[in-house]
Amino acid sequence: MELRVTESTDTELSIEIAGEDHTFMNVLKGALLEHENVSAATYDVNPEQSGGQTEPILTIKTEGGVDPLEALEDAAVNVREKAISFREAFEAAA
Amino acid sequence: MTEEYDVEFVERGEREARFLVRGVTPGFANGIRRAMLADVPTMAIDTVRFVENSSVMFDEQLALRLGLVPLTTPPEGEFGEDETVTLSIDVEGPATAYSGDLVSNDELVQPADQNVPIIDLKDDQRLEAEADAVVDYGKDHAKHQGGVAVGYRHLQQVEVVGDLPEFEDEESRIVRGVIEDNGELVPTSEFDHDLSNRYPGKEVEVEDVPNAFVFHVETDGSFSVEELVTRAADSIESRATELEDAVQL
């Protein structure tokens, strides 16, 4: 997973997350939108054959003086915890 | 802020299972589903060396068929990305070459089913070949897909709201999936997917239960349902961890 920041201000961040697809990006976007200081989060992916920009680009807008990169880190932690607790719940039932 | 999930099995078998997950968002459910299809690697034949092929099909066609034979996949960590397992096949006509005729050099990697036909051989036709199986992802080729029928549906809550008018013809009411009736989980196949069989003469209301999804998971025999689901969750977890580390730098 390679990250490349394409745009960055105090409240807005666009970042390319190479090698990922909808599987992870949509879950990550969902986690970002649950973050209370994130006012907008979205991602854009182009089809592989379209040429040009085909890696997903994630855009985050924050409020309340929170660094978007920090919000992204929180969301990553959140996704990790969700995956772990899902696996634990599944193993408990299995 | 940890989510509390609740998992309950409705039906379970080695290769096929149905389980209910409560407290899951549609987005996360879809992430798990996609990860099961594309991001859990399995073994499959990738290279074939033909010693003799006097059958009616070209080498390439048979190589594709061999590739599509599901192979049991050893637990994570047993095999590296570029390690291979060799399987050989030698069948002489008149006979049908089946997946069960493949002889593996590794105990852990075997054809998951013995009865997948590869080719029908007539008199004096022979197939002798050696094949290398590798681990790869469903993303790269469908033969590496461990889950073959993976999906989810909302859990549906059924409530009896009254009686139908006495002399009215009863209309069938079809639902598919799993319903919840007073806390009891009932697969719709139990009443032929028709609510009028289960609640004759009653008027019922059906509603989706928010954030409760019933997953239906079927594997190709590469591994058990449990392994497929846990490894899909692991794959999402490892990507989140990777992103976390990358952001911290």
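The model is predicted. Chain A and chain B bury about 3,200 Å² between them, and five salt bridges are counted between the two chains. Over all chains, the whole structure holds 23 salt bridges.

**Interface of chains A and B**

- Chain A contributes 32 residues to the contact and chain B contributes 35 residues.
- Of the area of about 3,200 Å² buried between the two chains, carbon and sulfur atoms give 70%. T23(A), F86(A) and F90(A) together supply 23% of the area that chain A buries against chain B, more than any other three residues.
- Seven residue pairs are found in polar contact across the interface, with both residues at pLDDT 80 or more. On the side of chain A that touches chain B, α1 and α2 of chain A each supply at least two residues.
- The largest share of that side, 19 residues, comes from α2(A). By class, the side of chain A that touches chain B comprises 18 nonpolar, five polar and nine charged residues.

**Helix α1 of chain A**

- Helix α1 of chain A spans residues 22-34, which is 13 residues. From its first C-alpha to its last it reaches 18 Å, close to the 18 Å expected at 1.5 Å a residue.
- The buried residues in α1(A) are T23(A), F24(A), M25(A), V27(A), L28(A), A31(A) and L32(A).
- Within chain A, the buried residues of α1(A) pack against β2 (12-18), β3 (38-44), β4 (57-62) and α2 (68-93). They also pack against α1 (26-38) and α4 (225-248) of chain B.

**Surroundings of L58(A)**

- L58(A) is placed in strand β4 of chain A. With a relative accessibility of 0%, L58(A) counts as buried.
- Beyond its neighbours within four places in sequence, L58(A) is in contact with L13(A), S14(A), I15(A), I17(A), M25(A), L28(A), L32(A), T42(A), Y43(A) and L72(A).
- One of these contacts, I15(A), is 43 residues from L58(A) in sequence, yet the two are 5.2 Å apart in space, C-alpha to C-alpha.
- M25(A), L28(A) and L32(A), which are among the contacts of L58(A), are also among the buried residues of α1(A).

**Salt bridge between the chains**

- R34(B) and D21(A) form a salt bridge through their side chains, at 3.8 Å from N to O.
- R34(B) counts as partly exposed because its relative accessibility is 25%, whereas D21(A) is buried, with a relative accessible area of 18%.
- A network of salt bridges links E20(A), D39(B), K139(B) and R239(B).

**Salt bridges within chain B**

- The side chains of E11(B) and R18(B) meet in a salt bridge at 3.3 Å, N to O. E11(B) is partly exposed at a relative accessible area of 33%, and R18(B) is partly exposed at 22%.
- D46(B) forms a salt bridge with K143(B), and their closest N and O atoms are 3.0 Å apart. D46(B) lies in strand β3 (residues 42-53) of chain B and K143(B) in the loop between β8 (126-136) and β9 (147-163), so the pair ties together parts that are 97 residues apart in sequence.
- D46(B) is partly exposed, with a relative accessible area of 46%, while K143(B) is buried, with a relative accessible area of 14%.

Technical notes. Residues numbered from 1 in each chain as written. Chains lettered and ligands numbered in written order. Heavy atoms only, no water. Helix = DSSP H or I, 4+ residues; strand = E, 2+ residues; numbered from the N terminus. Expected span 1.5 Å × (residues − 1). Buried < 20%, exposed > 50% of the residue type's maximum accessible area, 1.4 Å probe, protein only. Contact = heavy atoms within 4.5 Å. Buried area = accessible area lost by both parts, 1.4 Å probe. Salt bridge = Lys/Arg side-chain N within 4 Å of Asp/Glu carboxyl O. Polar contact = N/O pair within 3.5 Å; in protein donor to acceptor, adjacent residues only side chain to side chain. Nonpolar A, V, L, I, M, F, W, Y, C, P; charged D, E, K, R; others polar.
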